[in-house]
Amino acid sequence: MTSLLETGSFPTSGQSRPNPGIYLVAVADKSFQKRYAPIFQAMDIYANKYGYKWAVIDSPEARDDDRYDCSKYLVYFFKKHCIVAQWTLRNTNSGDRVFVFDSDVVPYRTQTPLDVWVNLFFENDVVFYDRCWNSEVTAGNYMIQNNPQALDFLVGWADWEFEVPPGFSSADNGAIHVHLLRVLGLDSNQVCHRQYKNLTALVTNLEPYWSFVKCTREDMPAGVYTNNDISIRIMPKTSAWVVDGVFDSVARNDFNEGNNPAPVFHHGVKLSGTETEDAEKYNKYGLQHVVVSSEDAIEYGLQHVIAPEDALQCPPIQEKAQCEAMGTSLGVFESAGECSSAVNSSLCEDAFMFSSSYHDWGCHCCQNSDNKTVPHDLWSIYSLSNCSLEL
């Protein structure tokens, strides 16, 4: 196993390389396909501009010749990576590159192609980047090469669904750290792995989780790692093709940020689903309103995005607050509407809490019948009686 921290410059356009197919994909269920249709349209336009291929993918129908069985995963954040592996195997050629994006990622510097990163990553099988505002490796956006070692890596990552600890572990984002250590042959004394398995604290106490992340990053800073025929790169902060939009201080038309190309995409652009509420984001990113109905399918590159069935809408009854007494965790859901269905079939009272920013924190009942709350910037309180079908 070797490690090399990268401090050199990016390749120049004069360095000739073969031209693999470049795919940009997002994994989204029908609810997110509807809400983020304007962003998906912008991604399709960007991809077409540079000859890339854009696709929105959902759980594929199983086939007899499938290499991977994605049906065994129940948590979206883990299942997503198996879906990407299976889709890549079915729809791309060996050696093609697949850039995987969260649904809330939008093109910002559309004048910049991805070629400079493709050249840099040419020898790498899997590429991640450091989150700019904390010490985590980012789990939602990454690049893979279509080869057996990269696809097996993704499915191995998904398998951590069956090893998650009882406390807060940030779902696949926590798991990627211990998975990388295992695949790369690091943490031979299992110190970080034991910290992961012993995570028992709830989301209201994040100190054990950050201690675990710190342990992994001491063994695995940004750099290039190879072990057992797989090459994995972790890009340093702000040097990747994506950055959280609120931390991007470089002018939109600037190509360079220091010695690195400025990121193309902004992450964390949440849409509410209505043009009026999202007007500022529509203006900043040049988004266009897209009507998705059950009669009208919209084609994004390789895939058809089909409108969802009637969706359960749950506006919060109190924002920036959490239950004073947080009760049973009902699991991880993509929306408060999905969470409400679990509340309805549980022993919860009427109120529950959900974070629209961090779905992997889970959906929780509120224990106290008088619904006392305490301030928290990232949680909101919902009421089952305030949820209704969107007609």
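**Exercise 1.** Find where aspartate 229 sits, and decide whether this residue is buried or exposed.

*Solution.* Step one: aspartate 229 is in the loop between β8 and β9. Strands here are DSSP runs of E with at least two residues, and helices are runs of H or I with at least four, all numbered from the N terminus. Step two: its relative accessibility is 71%, so aspartate 229 counts as exposed. The cut-offs are under 20% relative accessible area for buried, over 50% for exposed and partly exposed in between, with a 1.4 Å probe and protein chains only. Step three: check the backbone, where aspartate 229 has a positive phi of about 70° although it isn't a glycine.

Before you go on: this is a predicted model, where local features need pLDDT of at least 70, side-chain atom pairs count only at pLDDT 80 or more, and totals for chains, interfaces and linings use all residues. Residues are numbered from 1 along each chain as its sequence is written, and side-chain values use heavy atoms, with hydrogens and water left out.

**Exercise 2.** Work out which strands pair with β7, and in which sense.

*Solution.* Pairing requires that DSSP finds at least two bridges between two strands. First, β4 (residues 97–101) pairs with β7 in the antiparallel sense over four bridges; arginine 97 stands opposite glutamine 145. Then take β6 (residues 126–129), which is antiparallel to β7 over two bridges, with valine 126 and isoleucine 144 as bridge partners. Now look at the faces. In a regular strand the side chains alternate between the two faces of the sheet. In β7 (residues 142–145), Tyr142 and Ile144 are on one side, Met143 and Gln145 on the other, and all are buried.

**Exercise 3.** Is cysteine 365 buried or exposed, and which strand is it in?

*Solution.* Locate cysteine 365 in strand β20 (residues 364–366). Its relative accessible area is 6%, so cysteine 365 is buried. Finally, trace from cysteine 365 to valine 343: they're 22 residues apart in sequence and 7.2 Å apart in space, C-alpha to C-alpha.
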